[in-house]
Amino acid sequence: MSSDTKTLTQLCAEVAAGTVTARSRVEMYLANIAQRDGAIHAFNEVHSDAARARADAIDADVAAGKNPGPLAGAVIAMKDNIVMREGRTTCSSKMLANYRSPFDATVVTRLYAAGAIVIGKTNLDEFAMGSSTENSAFGVTKNPWDLTRVAGGSSGGSAAAVAAKFCDAALGSDTGGSIRQPAALCGCVGFKPTYGRVSRYGLVAFGSSLDQIGPFARTIADATLVYDTLCGLDPHDSTCADMPVVTLADKVHLPLKQLRVGVPREYRSSDNAPSVAAVLEQAIVAARAMGAEIVDVDLPLTPLGISIYYVIAPAEASSNLARFDGIRYGHRATLAPGDDLETLYCKSRAEGFGPEVQRRIMLGTYVLSSGYYDAYYKRALQVRRLIKDEFDRAFTKCDVILGVTSPVPAFEIGGKKDPLSMYLCDVYTVNTNIAGIPGISFNGGFADEGGVKLPVGLQLQAPAFAEETLLRAASMFERALA
Amino acid sequence: MSHAELTTKEVLHVAKLSRLAIDGDAVEGMRTQLSTILGHIAQLQAVAVDGVEPMAHPLHIVNRLDADEPKPAMDVSDFLRNAPATEGRFLAVPKVLADGGDA
């Protein structure tokens, strides 16, 4: 069995048994990065020395008879909006270009405790605002399948790092699709757990009622193994759900009997690219072949998700990003003689934030401002409730909901200049966050775009906290479509 | 909602509320982009929402409160490591009160 066909569970067991060293695994990935990341730009920063030192410590533990944990020697890339003491945490923004966190995020602490190694920080759309990683202050991440195309976003660096084999797995954050959409465009697995499943302590906040951390990996089983180490209550995050945590890595391969797969007619939209629509139809055929029942469900409010999202997420962002004022950390503008504190705030923020971040702060401030609050913000929260009710009704008829992750495969860099056309790419992913339910994207097939083979992602969604059903169903599809 | 098309004055007002120094061509660019996005969002006005409870948060949980016990806090030097300007153990900022404004 070559290392490509081994599961991460097997690879970590080999490190824990001492038959493979963690150091050799780190060196393999560092060599891949040295060879290809100059062209792809998945990483903002590679932590070569720290990763080697940690690998050596894990190998020493193994030699001393200690078990480093279920992720022994697993090499993980970290989205650069998740704080670590090691290196910088920039959010791909000039605002935080030199920021060094005084603490580790809970997910980082948990990965370390499980024996994992963090190899570096990955590129993103500035403050996770975007669907292409073109909004990074430090340059675009290219799609490993075609370097003229985007990797998706906002976690484009994490998706590209997994697809290009720069790491075993990666973490990202998903506010409206930022894990699932880049996973779809890069042909890997991206999993957004239920809102509240994974601690967000140390995730730089964007939309606090929507944000969730989750894993990227090359298979469902690998993503599940990483997810197992992340979830559970955290005293540092008061929005973390106090729900029983079940280890799923040992169950994910078990098929579900009498699985009911809901396919909303709204997801078979004529707006889907033909190559993408074909992958969904093949998946429906595969589902029937594996014994699942296909159920028609209705989610008529689906197209309104973008409008709800672009009220709620900017509103929350305008509040969360108020902390970047040039006083305690982050960029501070040079002042002219006589400039006051107010001018310091306004100049520092205008210089530190890029255009998309400024646009969303302005939009959020507008919808929360006096005279517009009820018409925009309150109304969006009311329609949000209707979206959740619609999902609840659909889940009385089915166990999971199937669709495509993105209506289009990876598009050309610079191909979507108008902000609204970029926003509309997230039509199938935003409602997952609006309702707070879990969603996963995995490769469902390929599109031929002018002779270029591009991956197409399928998405499954499940009721809140039904991660076991979601991951086992996704694993069934993964096998059926392989 | 007939407010989808923003005026320049409104953009400058929102920029002030947002503490963003925006001027010149950027104002008109922001005005047209925000107007386009708000024009799209206006589709929410057609949804019947009478009597629907706003949903601010997906979880049915109550806030968790910590016991009121002292715990170690972040070291001041750790906190100040990222500060753009400091004076001793303090953050340095431009003068906040005008001359003669001392209490």
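Biologist: Where does Cys91(A) lie in chain A?

Modeller: Cys91(A) sits in the loop between strand S2 (75-79) and helix H4 (106-113); helices (H or I, at least four residues) and strands (E, at least two) are DSSP runs, numbered from the N terminus. Bear in mind that this is a predicted model, where local features need pLDDT of at least 70, side-chain atom pairs count only at pLDDT 80 or more, and totals for chains, interfaces and linings use all residues. Residues are numbered from 1 along each chain as its sequence is written, chains are lettered from A and ligands numbered from 1 in the order in which they are written, and side-chain values use heavy atoms, with hydrogens and water left out.

Biologist: Is Cys91(A) buried or exposed?

Modeller: Buried, because its relative accessibility is 0%. Buried means under 20% relative accessible area, exposed over 50%, and partly exposed in between (1.4 Å probe, protein chains only). Its phi is near 55°, a positive value in a residue other than glycine.

Biologist: New topic: cavities. How many are there of 30 Å³ or more?

Modeller: Three. On a 1 Å grid over the protein atoms alone, a cavity is a set of points where a 1.4 Å probe fits but cannot get out, while a pocket is an open set with protein on both sides within 12 Å along at least five of seven lines; lining residues have an atom within 4 Å of a point. Grid points are joined across faces, edges and corners, and a volume is the space filled by probe spheres set on the points.

Biologist: What volume does the largest cavity have?

Modeller: About 60 Å³. Its lining has 14 residues, with Gly130(A), Ser131(A), Ser178(A), Tyr309(A) and Asp426(A) nearest the centre.

Biologist: What lines the second largest cavity?

Modeller: Cys91(A) is back again, and among the others are Asn81(A), Ala128(A), Ser173(A) and Leu203(A). That cavity holds about 50 Å³ of space.

Biologist: Where is Ser173(A), and what does its side chain make a polar contact with?

Modeller: Ser173(A) is in strand S6 (residues 169-174). Its side chain makes a polar contact with the side chain of Asn81(A) at 3.0 Å. A polar contact is a pair of N or O atoms within 3.5 Å; within protein, one must be able to donate a hydrogen and the other to accept it, and residues adjacent in sequence count only if both atoms are side-chain atoms.

Biologist: And Ala128(A), buried or exposed?

Modeller: Buried, at 4% relative accessibility. Ala128(A) lies in the loop between strand S3 (117-122) and strand S4 (142-143).
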